[in-house]
Amino acid sequence: MVSLTKSYRNTFILLLISLLIISFINISLGSVSIPFKQLLLSLINGDVAKESWRTIVLDYRLPKAITAIIVGSGLSISGLLMQTLFRNPLAGPYVLGISSGASLGVAILILGASFLGASITSYAFTNFGLAIAASIGSFMVLSAVMIAAIKVRNTMSILIIGLMFGSLTAAIISVLAYFSSASQLQQYLFWSFGSLGNLSWNEIIALISLFSIGILLVVFIIKPLNSLLIGENYAKSMGVNVKLTRSITLISTSLLTGVITAFSGPIAFIGLAVPHLTKLLFNTSDHKILLPAVAISGSIIMLICDSIAQLPTSDYTLPINAITSLLGAPIIIWLLVRKRKIYY
Amino acid sequence: MKSMSKHILKVSNLSIGYTSKSEVKTIASNLNIELKAGNLVCLLGENGIGKSTLLRTLTKVQPTLNGEIVIDSTKLETYSYANLAKIVSLVLTERLPDSSLTVFELVALGRQPYTNWIGYLTTEDLQIIELAFEKTSTKHLMNSKCYELSDGQLQKVLIARALAQNTPIIVLDEPTAHLDLHHTINTFSLLKNLATDFQKTIIVSTHEVNLALQLADELWLMTPSKFISGKTSKLIKDNDIGHLFDSDLISYDKALNQFTIKHNSKN
């Protein structure tokens with residue numbers, strides 16, 4: 001009897017424990033040092049020595065950790081989906097210009113505000129307005145890349161097309177920036193640094209709801225995604241509706257990337273690097289295993305990046321986008337040098 | 001098991017080709033085939049004559065221009081892709097994408113038409129996968145990555161995947177294109193066994209003409225002028241084989257049952 005694919009339970013348990021530990025570390029870090037016991041008491045709503053500690057933990061640090069988990073897992077899942085769909089190990093929301101699309105949406109909203117009516121902009125400047133603009137932007141760029149991908153089969157060409165879309169959106173953003181006021185520019189710039197903080201509980205609930213819709217869509221295409229690993233023609237011959245699978249992948253990816261980018265800014269390399277690291281750890285291509293695995297690993301790595309960005313014991317917070325790039329780029333280089341070739 | 005007298009594949013008056021916006025490009029027409037289960041069929045013809053187009057049409061990858069295809073007593077166009085996946089499985093000539101899929105995962109994908117929404121493998125699925133490994137003697141490769149395999153091993157594993165799909169018909173597009181003589185013969189004898197011992201209908205497009213003459217139960221010859229299908233022995237007897245290549249350099253030697261280089265001094 002052939003054995004069932006080997007059990008991944010232990011690895012999953014290990015990852016979940018790491019996630020829990022790193023979450024606690026993340027919450028305990030910050031400009032105000034809070035004793036560990038008081039931290040726990042705030043979380044379980046016990047008697048805290050200082051009421052301000054409870055506020056810091058519950059209204060600032062906990063939302064930020066939750067945001068990090070959602071951003072990390074969402075971007076990593078998007079990266080995994082892109083890599084399978086484009087059959088390319090270098091695909092990811094950032095490389096394929098999808099994050100740039102989201103940036104364009106936000107840029108048009110913030111920087112193009114002078115061209116829009118004041119009544120629209122008042123609503124538009126809320127985080128929800130940004131989320132809608134970013135999702136539309138990412139969906140448009142992703143569809144454009146996908147249409148190109150249907151015509152151009154060569155994966156290298158698709159990557160270059162993705163890069164070109166990235167350049168195009170960057171160019172449009174510079175033109176918009178040129179005609180914008182200093183305050184608009186500053187607002188956009190801060191958004192583009194990326195930030196996991198500053199989300200209210202209401203916004204986090206919105207983020208979680210949209211994230212859940214994206215994830216729910218993905219769950220239904222786990223099986224067809226596996227068959228796409230050996231190419232569209234084989235997938236078709238096994239009865240898979242390739243068109244539908246591709247559309248669902250596109251919609252969920254742009255939803256996840258768009259919403260996350262809107263609330264947290266464009267965050268590089270998580271979507272590209274985490275799926276590869278996870279595959280090293282789990283040694284499988286089965287999306288049934290990989291999707292949850294990638295989600296947990298992505299959360300862990302995002303929490304680590306955020307903990308580093310806190311600059312422990314200092315009052316400064318570094319832009320999260322810089323940290324993920326500083327960590328992510330060397331990982332990709334290391335993977336390529338070590339294995340000479342990466343498989344998705 | 002299917003009744004032996006019934007045709008597993010019946011093609012009448014088929015035209016194949018491509019339709020674009022303005023024109024219809026016919027590649028071959030007036031194709032007629034009657035095929036019973038448990039036969040190894042070799043599809044022979046020059047490069048670019050339309051072998052792949054024919055296989056693509058027979059497997060509903062592209063539409064027919066004219067005529068009718070009946071597979072297992074049902075018209076091809078009435079099959080849903082999900083149902084067709086239980087009747088016909090494919091081994092394609094294209095390279096696999098560079099995934100880190102293991103051999104077991106690849107072969108297990110063959111069970112997709114039968115598994116539930118998330119692809120859970122039941123004991124029955126695992127037994128069928130096991131059998132596919134045994135028939136192709138590839139069980140020792142189970143935990144290897146697909147990209148670690150040699151071309152010969154990969155071909156066997158792809159056939160194992162088709163077997164796991166457990167279809168009465170298996171269609172292979174030039175399965176031995178990248179293989180040396182040893183692995184080519186190996187692959188063909190495996191296909192022959194599958195046809196004889198397991199009543200599979202195996203349709204192979206190939207350039208291994210001499211092997212096809214020795215092993216195939218039926219031949220489909222695609223020549224520029226016409227399409228001929230029939231039992232190998234009959235096509236040899238009727239001298240249809242000789243029309244396969246329109247060339248001054250190759251000729252069919254009936255005594256050897258082989259294609260040979262034509263010597264100018266003779267005839």
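1. In this predicted model, the centres of domain 1 and domain 2 of chain B are 26 Å apart, taken over C-alpha atoms. Domain 1 of chain B is made of three stretches, 1-87 + 170-176 + 184-267. Domain 2 of chain B covers 96-166.

2. How do the domains touch? Eight residues of domain 1 of chain B contact seven residues of domain 2 of chain B. On the domain 1 side, helix α6 (residues 181-198) of chain B gives the most, with three residues. That side of domain 1 of chain B has six nonpolar residues, one polar and one charged.

3. Now the sheet. Chain B has an open sheet of six strands with mixed pairing. Its order is β6-β7-β8-β3-β9-β10. The edge strands are β6 and β10 (227-231) of chain B, and each pairs on one side only. From one strand to the next, the twist averages 15 degrees.

4. Look at one pair of strands. β6(B) and β7 (residues 169-173) of chain B are parallel, with four bridges. B:S89 has B:I170 in β7(B) as its bridge partner. Strands of a sheet pair through backbone hydrogen bonds.

5. Helices pack here too. Helix α5 (residues 151-164) of chain B touches β6 and β7 of chain B, at about 170 degrees to the direction of β6(B). Helix α1 (residues 51-58) of chain B lies across β3, β7, β8 and β9 of chain B, and runs at about 150 degrees to β7(B).

6. Finally, the chains meet. Chain B puts 32 residues into the contact and chain A puts in 25. In chain B, α2, β6, α3 and α4 each supply at least two residues. The chain B side has 21 nonpolar, seven polar and four charged residues.

Definitions and conventions
Residues numbered from 1 in each chain as written. Chains lettered and ligands numbered in written order. Predicted model: local features only at pLDDT ≥ 70, side-chain atom pairs only at ≥ 80, totals over all residues. Domains from an automatic or database assignment. Contact = placed C-beta atoms within 7 Å. Nonpolar A, V, L, I, M, F, W, Y, C, P; charged D, E, K, R; others polar. Pairing = 2+ DSSP bridges. Axes fitted to C-alpha atoms, helices over the stretch in contact; angles between N-to-C directions.
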